Amino acid sequence: MKIGLHLADLTYPSGPAGLADDLTRIAAAAEDAGFARISVMDHVWQITPHGPPEHDMLEAYTTLGYLAARTSRVDLVAWVSATTYRVPGLLAKLVSTLDVLSGGRAWLGVGAGWNAEESAGLGLPFPPLAERFERLEETLQICRQMWSDTDEPFHGRHYQLERTLNAPQPLRTPPILIGGGGEKKTLRLVARYADACNLFARDDVAHKLDVLRAHCETEGRSYDDIEKTAQIVLDVGEKGEKVDEFLEELRRLAGLGIQAVQGKLPDVWDPRRMEVFAREVIPAAGEL
């Protein structure tokens, strides 16, 4: 099982003045420890349960570009971008740029979006849910077209692109991860377009995967081609006292078909937390 580090809380003891150095140290330690990928939230305000809106939050793709320059192996992804925060042509260009400058390590993480409060606060588009899903599907279509060998126009209901030119192309076609477990729309879009899904590590994981399998059958897609990921808190205790409990949860998820977990590491700025994962967790997870 792969383990990824999600940088959800950026309010560190050293404050904004030390944030760049903290991120450099954390990313380097995560890569050395064997984390498979590093993700950041695509929000402009902090969200519950990580803290109040006033806590520090960096723009996602600027941060990923910074991390790309300070790592060499881990994959990089926004977990996940609200489809309405950037027009699809620009989003495809951002991910392409990240992929080229990182040496082929970028993913596209995307979803319908949910945070009406921050959208209203900063004047970001936030149409009704049904329209957000329509825009999400067109975003997926546009990104896939821009990462192909055609630059033909795209004419959808919400987006009109007269020439889908994308130069340079990404070094590899960025894998697409769609966040969310909605059974009627989200998981159908996963079956149709995505390389990975993302579910919360709750008691309904098995049911959600059964729904995804059914959508794959309807879409004529191989269920095995989609990486199943789950979001989980990487809590092994301050000194590793919860390692056994955490590994048991990974075994439970692996038994259900989950292949990767992505999560927040409490007090990630404390080097001891990362050392426990490097020494005891990631080697054991690799055998699941």
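## Basis of the description

Helices (H or I, at least four residues) and strands (E, at least two) are taken here as DSSP runs, numbered from the N terminus. The model is predicted.

The phi angle of Asp267 is near 50°, which is a positive value in a residue other than glycine. With a relative accessible area of 34%, Asp267 is partly exposed, because partly exposed covers the range between the buried limit of 20% and the exposed limit of 50%.

## Packing of H8 on H9

Two packed helices are described by the angle between their axes and the distance between the axes. For helix H8 (residues 243-256) and helix H9 (residues 271-285), the axes come within 10 Å and cross at roughly 30°. Angles under 35 degrees count as roughly parallel, and H8 and H9 are therefore roughly parallel to each other. The crossing in which H8 passes H9 is right-handed.

On the H8 side, the contact is made by Val243, Phe246, Leu247 and Leu250. The residues they meet in H9 are Val276, Phe277, Glu280, Val281, Ala284 and Ala285. Sorted by class, the residues of this contact of H8 with H9 are 9 nonpolar and 1 charged, with no polar residue.

## Packing of H1 on H9

H9 also packs with helix H1 (residues 19-33): the axes of H1 and H9 come within 9 Å and cross at roughly 15°. This crossing angle makes H1 roughly parallel to H9. The crossing of H1 and H9 is right-handed.

From H1, the residues Arg25, Ile26, Ala29, Ala30 and Ala33 take part. Their partners in H9 are Pro271, Met274, Ala278 and Ile282. The contact of H1 with H9 has 8 nonpolar residues, 1 charged residue and no polar residue.

## Arg37 in strand S2

Arg37 belongs to strand S2 (residues 37-40). Its relative accessible area is 3%; the residue is classed as buried because this value is under 20%. The side chain of Arg37 is joined to that of Glu227 by a polar contact of 3.0 Å.

## Val211 in helix H7

Helix H7 (residues 205-219) contains Val211. Val211 is buried, at a relative accessible area of 14%. When neighbours within four places in sequence are left aside, Val211 is in contact with Glu183 and Leu187.

Val211 and Val40 are 171 residues apart along the chain, and their C-alpha atoms are separated by 28 Å.

## Cis peptide bonds

The peptide bond from Thr48 to Pro49 is cis, and its omega is near 10°. Pro49 sits in the loop between S2 and helix H2 (60-68).

Ala167 and Pro168 are likewise joined by a cis peptide bond, with omega about 0°. Pro168 is in the loop between strand S7 (160-161) and strand S8 (176-179).

Technical notes. Residues are numbered from 1 along each chain as its sequence is written. This is a predicted model: local features need pLDDT of at least 70, side-chain atom pairs count only at pLDDT 80 or more; totals for chains, interfaces and linings use all residues. Side-chain values use heavy atoms; hydrogens and water are left out. Axes are lines fitted to C-alpha atoms, for helices over the stretch in contact, and angles run from 0 to 180 degrees between N-to-C directions. Angles under 35 degrees count as roughly parallel, over 145 as roughly antiparallel, 65 to 115 as roughly perpendicular and the rest as oblique. A crossing is left-handed if the near helix is turned anticlockwise from the far one by less than a right angle, and right-handed if clockwise. Contact means heavy atoms within 4.5 Å. Ala, Val, Leu, Ile, Met, Phe, Trp, Tyr, Cys and Pro count as nonpolar, Asp, Glu, Lys and Arg as charged, and the others, Gly among them, as polar. Buried means under 20% relative accessible area, exposed over 50%, partly exposed in between (1.4 Å probe, protein chains only). A polar contact is a pair of N or O atoms within 3.5 Å; within protein, one must be able to donate a hydrogen and the other to accept it, and residues adjacent in sequence count only if both atoms are side-chain atoms.
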